[in-house]
Amino acid sequence: MTIYDDLEAILLDEEAIHAEVRRLGEQISKDYADRQPHLIGVLKGSIVFLSDLIRTLTVPVTLDFISISPYGAPTPSGVVRIRKDLDDPIEGRDVIVVEGIIDTGLTLSYLLRNFKTRNPASLKVCAFVNKRAQRIIDLSVDYVGREIPDKFVVGYGLDYRQRYRNLPVLGVLKPSALD
Ligand code: IMP
Ligand code: MG
């Protein structure tokens, strides 16, 4: 029994993922050529993506992390709680928020509102995958690895009940694995 047995389909294999990550890295390195972006990883879904992405960047970067938890299920109010706040101030910094996946957009829109009040010099968003079909809130995502269909996906940092984050591919779970 392996984690691969629970997959119905592989949406992105390792080669496809790394091609997208390299493309994003080149774009960000170009856009921030004379700057030092401050990357904020949204825990925990962004960690695999973030760790690959930073190694494709040719500009100097700094890192921070934030962990948030929705109050129960995400609600249309978009009320979330900060479980672990940033370690450092972002005032005057060129911030890039790095997310594993954007679904309804509630989590990210909350974070962006919160970060804007801290007066960064600039604030951009980079997401590994984007599920636009579920979007409740209009968001502009500056850097996107892939647009994906409205399916529950796991792997490359994304979980189902905290599992499958270690899958190196992005896959769709079999219905039998969703309990
Ligand atoms: P949003 O607030 O609806 O955009 O949700 C974003 C969060 O929901 C992500 O950070 C993930 O934790 C989770 N999520 C949404 N869709 C998926 C999925 O297909 N697989 C795994 N996690 C997901
Ligand atoms: Mg999750």
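Glu-20 has a relative accessibility of 11% and counts as buried (under 20% relative accessible area; exposed is over 50%, partly exposed in between; 1.4 Å probe, protein chains only). The model is predicted, so local features need pLDDT of at least 70 and side-chain atom pairs pLDDT 80 or more, while totals for chains, interfaces and linings use all residues. Residues are numbered from 1 along each chain as its sequence is written, chains are lettered from A and ligands numbered from 1 in written order, and side-chain values use heavy atoms, without hydrogens and water.

Glu-20 pairs with Arg-23 in a salt bridge, at 2.8 Å from N to O (a side-chain nitrogen of Lys or Arg within 4 Å of a carboxyl oxygen of Asp or Glu). Arg-23 is partly exposed, at 40%.

Helix H2 spans residues 47–54. Its buried residues are Phe-49, Leu-50, Asp-52 and Leu-53. Their cover includes helix H1 (14–31) and strands E2 (38–43), E3 (62–70), E5 (94–102) and E6 (122–130) (contact: heavy atoms within 4.5 Å). Asp-52, at 16%, is buried. Its side chain meets that of Arg-55 in a salt bridge of 3.0 Å, N to O. Arg-55 is exposed, at 63%.

The count of salt bridges comes to ten. Another joins Arg-165 and Asp-159, with the closest N and O atoms 3.5 Å apart. Arg-165 is buried at 16%; Asp-159 is partly exposed at 21%. Shared partners link Glu-20, Arg-23 and Arg-146 into one salt-bridge network.

Conventions:
Helices (H or I, at least four residues) and strands (E, at least two) are DSSP runs, numbered from the N terminus.
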